[in-house]
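This report covers selected secondary-structure elements and how they pair. Please read it alongside the sequence and coordinates.

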Amino acid sequence: MKKLTTSESQLIASLIFLAIVGFFYARGVREEIARGEELDRQMTEYEESLRPFLSIALNADSFAIYDRDKAEFVYKKNAEKTMPLASLGKIMSAIIIMENVPVDHTFTISKEALSEVGDNKLLVDEKWGRDELLKFTLVESSNDAIYEMASETGAIVDPTSLVPREVFVNLMNEKAKELGFKSMTFNNESGLDITTELSGAYANARDISRLFAYALKNYPDIFAPTSRSAPVFNSKDAEHVAKNTNPIVESIDGVEASKTGFTNISGGNLAIALETVKGQHLIVTVLGSTFDDRFTDVETLSGAVNNGVNTNEE
């Protein structure tokens with residue numbers, strides 16, 4: 001066999017090298033094309049998912065739609081803007097109570113608690129079980145009841161404290177940090193305005209939506225009655241027919257839970273959890289609307305996710 005010259009050997013080596021390079025180049029091109037096609041598909045799906053919301057006009061300054069199953073946002077606007085929460089802050093209060101109060105604890109309504117804003121027909125020295133009073137509180141958004149529960153919970157956590165409600169509020173802020181909600185700050189247990197310029201609670205729509213999802217995952221039974229207009233609760237002394245602060249709660253298909261909030265500083269806030277016709281489990285949150293428009297805002301967003309259309313269209 002004829003021995004290859006140096007030039008021929010180099011030529012063959014070059015051809016082999018080029019073939020290898022060509023193979024990997026072609027494979028890389030195919031992979032790039034596949035990645036491009038996948039990106040196009042994802043972008044198309046994303047654009048289609050946004051379509052129901054593009055023509056929506058809301059009165060809320062901020063809103064978010066959060067998919068509880070996928071732990072991702074379907075759609076949001078100004079959702080990173082920190083805003084006053086009003087009684088949406090009671091979602092965190094409920095979590096702190098459930099984590100720190102024994103299930104068999106009995107709350108006793110004090111005269112001091114009944115001096116809070118609002119009258120929910122609670123009685124002085126009325127005794128309640130933990131879960132029953134908490135459910136009543138969330139439905140009625142009772143400032144009286146949450147004051148009492150915060151006071152007693154703080155005393156349970158630190159029996160030596162002279163300011164048990166401060167102990168409670170500290171627990172709320174510690175929990176927010178634990179969960180990674182950087183926008184979240186609590187100044188009291190109810191969310192009521194402290195002054196004309198200072199709210200009782202702050203967060204953005206992104207974080208409060210995720211907090212609501214956390215609460216529902218861990219304590220679904222406590223929040224379940226908030227999906228009804230007038231559930232009945234029994235203390236150890238009396239029966240109470242609660243009036244839900246969300247008047248449209250039963251008019252929206254698939255509602256699983258609801259929490260309202262309104263003060264002069266915050267304006268109208270509302271968060272609901274619902275299961276859509278497609279089986280999605282969503283949190284719909286609006287912040288900074290008006291007292292009435294928060295309800296129509298949530299109806300509009302709920303209609304969009306349920307029907308794929310703007311419910312305000314004629």
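The text below treats a helix, a strand with its partners, and an open sheet.

The model is predicted, so local features need pLDDT of at least 70, side-chain atom pairs count only at pLDDT 80 or more, and totals for chains, interfaces and linings use all residues. Residues are numbered from 1 along each chain as its sequence is written, and side-chain values use heavy atoms, with hydrogens and water left out. Helices (H or I, at least four residues) and strands (E, at least two) are DSSP runs numbered from the N terminus. Buried means under 20% relative accessible area, exposed over 50%, and partly exposed in between (1.4 Å probe, protein chains only).

Serine 141 follows H3 and has a positive phi, near 50°.

Strand E12 (residues 281-289) is also mostly covered, with 8 of its 9 residues buried. Two strands pair if DSSP finds at least two bridges between them.

| Strand | Partner | Bridges |
|---|---|---|
| E1 (residues 62-67) | E12 | 6 bridges |
| E11 (residues 267-275) | E12 | 7 bridges |
| E6 | E7 (residues 201-203) | 2 bridges |

Within E12, threonine 285 is the bridge partner of alanine 64, and isoleucine 283 is that of alanine 273. E11 and E12 form a hairpin with 5 residues between them, and glycine 279 in the turn has a positive phi of about 85°.

An open sheet of 3 antiparallel strands has the order E3-E7-E6. Its edge strands, E3 (83-84) and E6 (185-186), each pair on one side only. Phenylalanine 186 has alanine 201 of E7 as its bridge partner.
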